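Colleague: I would like to learn how to read a model like this one. Can we take it feature by feature?

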Amino acid sequence: MSRNRVIPGFGLSLGYATLYTSLIVFIPLAALAASGISLGAETFWAVVSHPQAVASYTLSFGASLVAALINLIFGLLVAWVLVRYTFPGKRIADALVDLPFALPTAVAGIALTALYGRNGWFGQHLESWGFKVAYAPAGIVVALTFIGLPFVVRTVQPVLEGLERELEEAAASLGANRWQTFRRVLLPALVPALLTGFALSFARAVGEYGSVVFISGNMPYRTEITPLLIYSKLEQYDYAGASALGMMMLVFSFVLLLAINGLQYWSLRRRGGG
Amino acid sequence: MKFTRFFVVAALGLALSSPALADREILNVSYDPTRELYEAFNKDFIKHWQEETGETLVVRQSHGGAGKQTRAVIDGLEADVVTLALAYDIDAIAEKTGKIPADWQKRLPNNSAPYTSTIVFLVRKGNPKGLTDWDDLVKPGIEVITPNPKTSGGARWNYLAAWAYAKQKYGSEDAARDFITKLYQQVPVLDSGARGATTTFVQRGIGDVLLAWENEALLAINELGKGEFEIVVPSVSILAEPPVTVIDKNAEKHGTTDVAKAYLAYLYTPVGQKLAAENYYRPTDPEVAREYADLFPEVNLITVDSAFGGWREAQKTHFNDGGVFDHIYQPR
């Protein structure tokens, strides 16, 4: 244990980290669990397995996954453009990426609904072609994509900046075509950052409430997200039922995030080995 | 030496007595559509209190969705008075905190509701679909905008008004259930709150009719300019009684019981009643009501107590999980 560390006092810093995460994360979550458990196993199960709840999980997690996938692809593209090209207004474009972070989500929801609604700029054309976005599951995906975009861009950007151009030139001089260079040289280096961005974007989307309730239409079994169900339980002063649904969301999210982390670990090992 | 001590004591004395000298303040926790009413009312009450007692008062206001505001009070927001949308919310405060007696609603006249309102239809200019009563809303092709009663207090009034109409017209609970099911099948969007539903109808141009509180409908018409929308008053509607009460334990703790009581009593005076009427709430004082009769057409108003046996019952039967509303929607 005599190795030099930048921050002195292993015991002190570990103690501090433990205390801090306990106060900020574990204790509130434990309180949530305690409130949920107070229902008893049977009622708990009845609440979380109600068809309306199940329909809402499918929607919440499904829409979040789709939105995170869209962000994965287009976020990479945006990051690539921002890192590899110079163009007028680049700094402005770069700053714009963070806007979804700063905007109150209700404002985002109302703005998107105005755009995609029946009489909105996009909505009137889309509806005449038979696509319903606002007040349909597609609208939820649009809102979740909007709020999740910065995560992928901001995690991939620094890694991409660290990848030297010489790497691509070397690959090209060794006879790799563009696709091979991307697939075999760039992508493996980017995968961990992409997965982190994906996980963050997904996690953010699962818990989102403010923007979604405006664009979703909140129809039971069709466009009702789990956070809205939790809210409607609170309106009945059913704190325990709300906690039960909250716990289910936590469990699902935890398992999915764990899986993404596992994927990341696997890809790092594979790269390290190769 | 003596001199210094005198100063120290004097300074201490001043410091200690200053809270007593400072102006007292009360906190009124209310819901969204009363913002304009209480802005005007507080100004008037502060002036009135100063004239009566010489004390300068501070009245703080908090607005938000009624359910959320109630939960804030239950979870410890120290309101001296609450002025909320439904008796059910104040019942919840009594039940969960014990800060007010269970029979709080008997303490002030008219079920503790100084002003009332009702549910009316807001339709587009010229009433193109010719909607005159609840029956017209379930005709094929009519789109009705109303928020989700599971998340919005205002939406519960809309629902109960429709139910009361159907029950009176068709005579049975089953017929009322059919009517309400048909009505909600005409609703394309269930916004989470009343203001959201107004936005959907007014801004997004969705729907043929918005079910709204009379005060909100009048406000919408006057703010958006006459001519774009019209109000249709149905033959039967519900008497909405937004109740008020002092939160006894909080007011005692703050030493503001006298102010809080006077504040609510002032709502019942002719001045308070006029302010309510000017902000589109129906006054309960018959004199003032006569004065503003043009603004508020006569409607056959049914009370929640007579038709549903009170809010607790209505909430349990219709809106709690597994209630009538939940059965309207079936899994696909």
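Colleague: How many salt bridges does the structure hold over all chains?
Modeller: Side chains of opposite charge can pair when their charged atoms come close. This model is predicted. Over all chains it holds 26 salt bridges.

Colleague: Which residue meets A:Arg84 in a salt bridge?
Modeller: A:Glu168 does, with N to O at 2.2 Å. A:Arg84 sits in helix H3 of chain A and A:Glu168 in helix H9, residues 165-173, so the pair ties together parts that are 84 residues apart in sequence.

Colleague: Is A:Arg84 buried or exposed?
Modeller: The cut-off for buried is under 20% relative accessible area. A:Arg84 has 11%, so it is buried.

Colleague: Where do the partners B:Lys253 and B:Glu78 lie?
Modeller: Their side chains form a salt bridge, 2.4 Å from N to O. B:Lys253 is in helix H11 (residues 248-254) of chain B, and B:Glu78 is in the loop between H3 and strand E3 (81-83), so this pair ties together parts that are 175 residues apart in sequence. B:Lys253 is exposed, at 59% relative accessible area. B:Glu78 is partly exposed, at 28%.

Colleague: Which residues do salt bridges with shared partners join into one network?
Modeller: A:Lys233, B:Lys150, B:Asp321 and B:Asp326.

Colleague: Now the interface. How many salt bridges does the rule find between chain A and chain B?
Modeller: Four. One to look at is A:Glu235 with B:Arg71, where N to O is 3.4 Å.

Colleague: Which elements of chain A supply at least two residues each to the side that touches chain B?
Modeller: Helix H3 (51-84), helix H6 (105-116) and helix H12 (226-235). H12(A) gives the largest share, six residues. By residue type, that side of chain A divides into 14 nonpolar, seven polar and six charged.

Colleague: What area is buried between chain A and chain B?
Modeller: About 2,700 Å², with carbon and sulfur atoms giving 51%. In chain A, the residues that lose the most area to chain B are A:Glu235, A:Gln236 and A:Tyr237. Together they make up 27% of what that side buries. The contact draws 27 residues from chain A and 36 residues from chain B. The rule also finds 12 residue pairs in polar contact across this interface.

Colleague: Back to B:Arg71. Which residues does it touch, leaving out those up to four places away in sequence?
Modeller: A:Tyr231, A:Leu234, A:Glu235, A:Tyr237 and A:Tyr239. B:Arg71 itself is in helix H3 (residues 66-74) of chain B. Its relative accessibility is 8%, so it counts as buried.

Colleague: What does UniProt list for residues 57-260 of chain A?
Modeller: An unreviewed entry there gives "domain: ABC transmembrane type-1". In the model, that stretch is 78% helix and 0% strand. Its end C-alpha atoms are 19 Å apart.

Colleague: Within chain A, where does A:Ser201 lie?
Modeller: In helix H10, residues 178-207. At 1% relative accessibility, A:Ser201 counts as buried. Its side chain makes a polar contact with the side chain of A:Asn71, at 3.3 Å. A:Ser201 also touches other residues, including A:Ala68, A:Gly148 and A:Phe151.

Colleague: Last, backbone angles. What is phi at B:Asn110?
Modeller: About 55°, a positive value, although B:Asn110 is not a glycine. B:Asn110 lies in helix H5 (residues 109-112) of chain B and is partly exposed, at 40% relative accessibility. Phi of B:Asn127 is positive too, near 45°. B:Asn127 is in the loop between strand E4 (115-124) and helix H6 (134-137) of chain B. With a relative accessible area of 14%, B:Asn127 is buried.

Notes
Residues numbered from 1 in each chain as written. Chains lettered and ligands numbered in written order. Predicted model: local features only at pLDDT ≥ 70, side-chain atom pairs only at ≥ 80, totals over all residues. Heavy atoms only, no water. Contact = heavy atoms within 4.5 Å. Buried area = accessible area lost by both parts, 1.4 Å probe. Polar contact = N/O pair within 3.5 Å; in protein donor to acceptor, adjacent residues only side chain to side chain. Helix = DSSP H or I, 4+ residues; strand = E, 2+ residues; numbered from the N terminus. Nonpolar A, V, L, I, M, F, W, Y, C, P; charged D, E, K, R; others polar. UniProt positions renumbered as here; feature names shortened; annotations may be inferred. Buried < 20%, exposed > 50% of the residue type's maximum accessible area, 1.4 Å probe, protein only.
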